[in-house]
Amino acid sequence: MTRLLAAVALWCGLVVSAVAGTAEPVAQDPVLEKRLNELSAELRCLVCQNQSLADSHAELAIDLKNQVRDLMRAGKTDDEIKQYLTQRYGDFVLYNPPVKASTWLLWVGPFVLLVGGVFVLSWILRSRRRDMAVAKEASPADTADRERARALLAGDGAARE
Amino acid sequence: MNKKFLIPLAVFVVLLGFLGVGLTLNPREVPSPLIDKAAPAFSLTQLHEADKTLTPADLKGKVWLLNVWASWCVSCRQEHPLLVELGKANVVPIYGLNYKDQRPDALKWLDQFGNPYTASIVDADGKVGIDYGVYGVPETFLIDKEGVIRYKQIGPITPQVLQEKLLPMIRNLQG
């Protein structure tokens, strides 16, 4: 019985080590893997569009990461790799799109909105201040009413009529 | 009525317009930068005759369709009857790019659902798919006599796309 148990335990151990043996080394070249991770964090996965290539486990993302790794091994710079991908998938793969005619609105739009907002705000504030100034400059009718009120408060009987 | 109130109303209407248009767009359809560019070169073995290869250069002088498909792809199955019909009509040669598939599965699939392809080529590791910017199978490229990509359909070809887009373009390019 103990021999059987020992055999089972040994067999289990063998299976586990065999499975463990198939796992690939995580990073053969840590420097390159770090560079790959940094670059692929800036690249969009086209299958799951709100994830970067670094985050995505979609099959295409894995293929593209392998491709990027191969290009890095071949000595390509990050810019060359980005160019390689945009030639195939368009600017959409870049989370940080380049400034050019078609992306001009994207880059400048928020600042235009900000400047417009500041302009509208200052316009509203100025017109409000103008309204208050006008209110302070009492009209003739106002002066007469005020005189009457003062007379009433002073207890001048003549004002009572 | 104070005209000042028209300004926020106008802003609101414009915003509503943008949002309305946004609803009709499909963010999954990323315009391909390859339109009006030369079809990327490849040299791949054929699915049925593994000893033969095919390159786009072999097809110079012809208008042809390159349909990216796989036996594991559900939408391809949905699209397939239309392709079979189009293949029978003999309007345009259809070449298949069998994308990241297993040869026996692919052959079985064509036996089962019909083979509209003049030839299928095998892109087992998806490298040619990457060169063509493939990200959602099925995809179909229309390539002209000079080997320039003229149109890309992302996702299955619908009868509407075929009638209104592809067939007129094909006739135009063949003419």
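## Helix 3 of chain B

In helix 3 of chain B (residues 103–113), the buried residues include Ala106(B), Trp109(B) and Leu110(B). Buried here means under 20% relative accessible area, exposed means over 50%, and partly exposed is what lies in between, all with a 1.4 Å probe and protein chains only. Helices are DSSP runs of H or I with at least four residues, strands are runs of E with at least two, and both are numbered from the N terminus. Looking down the axis of helix 3 of chain B, the buried residues sit within an arc of 95°, so they line one face of the helix. That arc is taken over the directions from the helix axis to the C-beta atoms.

What's on the face turned away from the buried side? Pro104(B), Lys108(B), Asp111(B) and Gln112(B) are the exposed residues there. The cover over the buried residues of helix 3 of chain B includes strand 3 (64–69), helix 2 (74–89) and strand 4 (94–99) of chain B.

## Ground rules

This is a predicted model: local features need pLDDT of at least 70, side-chain atom pairs count only at pLDDT 80 or more, and totals for chains, interfaces and linings use all residues. Residues are numbered from 1 along each chain as its sequence is written, chains are lettered from A and ligands numbered from 1 in the order in which they are written, and side-chain values use heavy atoms, with hydrogens and water left out.

## Chain A overall

Chain A has six helices and zero strands, so its pattern along the sequence reads α-α-α-α-α-α. Of its 161 residues, 24% are buried. Among contacts in chain A with a separation of 6 or more, 45% are between residues 24 or more positions apart; a contact means heavy atoms within 4.5 Å. The accessible surface of chain A is about 12,100 Å², and carbon and sulfur atoms hold 63% of it. Those areas come from the Shrake-Rupley method with a 1.4 Å probe, and for residues only the protein chains shown count as cover.

Chain A splits into domain 1 (28–98) and domain 2 (104–159), with bounds from an automatic or database domain assignment. Taken over C-alpha atoms, the centres of the two domains are 58 Å apart.

## Salt bridges

Over all chains, the count comes to 13 salt bridges, each being a side-chain nitrogen of Lys or Arg within 4 Å of a carboxyl oxygen of Asp or Glu. Lys34(A) pairs with Glu38(A), with 3.2 Å between the closest N and O atoms. The two are four residues apart in helix 2 of chain A (residues 30–40), so about one helical turn separates them. Lys34(A) is exposed at 53% relative accessibility, while Glu38(A) is partly exposed at 45%. Arg35(A) and Asp78(A) make another salt bridge, at 2.9 Å from N to O. This pair links distant parts of the chain, 43 residues apart, with Arg35(A) in helix 2 and Asp78(A) in helix 4 (residues 78–89) of chain A.

Which residues carry a salt bridge across to the other chain? Lys100(B) and Glu59(A) meet at 3.2 Å, N to O. Lys100(B) is in the loop between strand 4 and helix 3 of chain B and Glu59(A) is in helix 3 of chain A (residues 59–73), so the pair joins two chains. Lys100(B) is buried at 16%, whereas Glu59(A) is exposed at 54%. Glu59(A), Asp63(A) and Lys100(B) are linked in a salt-bridge network.

Most residues other than glycine have a negative phi, and most peptide bonds are trans. Lys100(B), not a glycine, has a positive phi of about 45°. Asp36(B) also has a positive phi, near 65°; Asp36(B) lies in the loop between helix 1 and strand 1 (44–45) of chain B and is exposed at 55% relative accessibility.

The peptide bond from Val137(B) to Pro138(B) is cis, with omega near 0°. Pro138(B) belongs to the loop between helix 4 (127–131) and strand 6 (139–143) of chain B.

## A nonpolar patch

Leu6(B), Leu9(B), Phe12(B), Val13(B) and Leu16(B) make a nonpolar surface patch of about 470 Å². Patches are made of residues with over 30% relative accessible area and no salt bridge, joining like charges within 9 Å and nonpolar side chains (Val, Leu, Ile, Met, Phe, Trp, Tyr) within 5 Å. Leu6(B) sits in helix 1 of chain B (residues 6–24) and is partly exposed at 41% relative accessibility.
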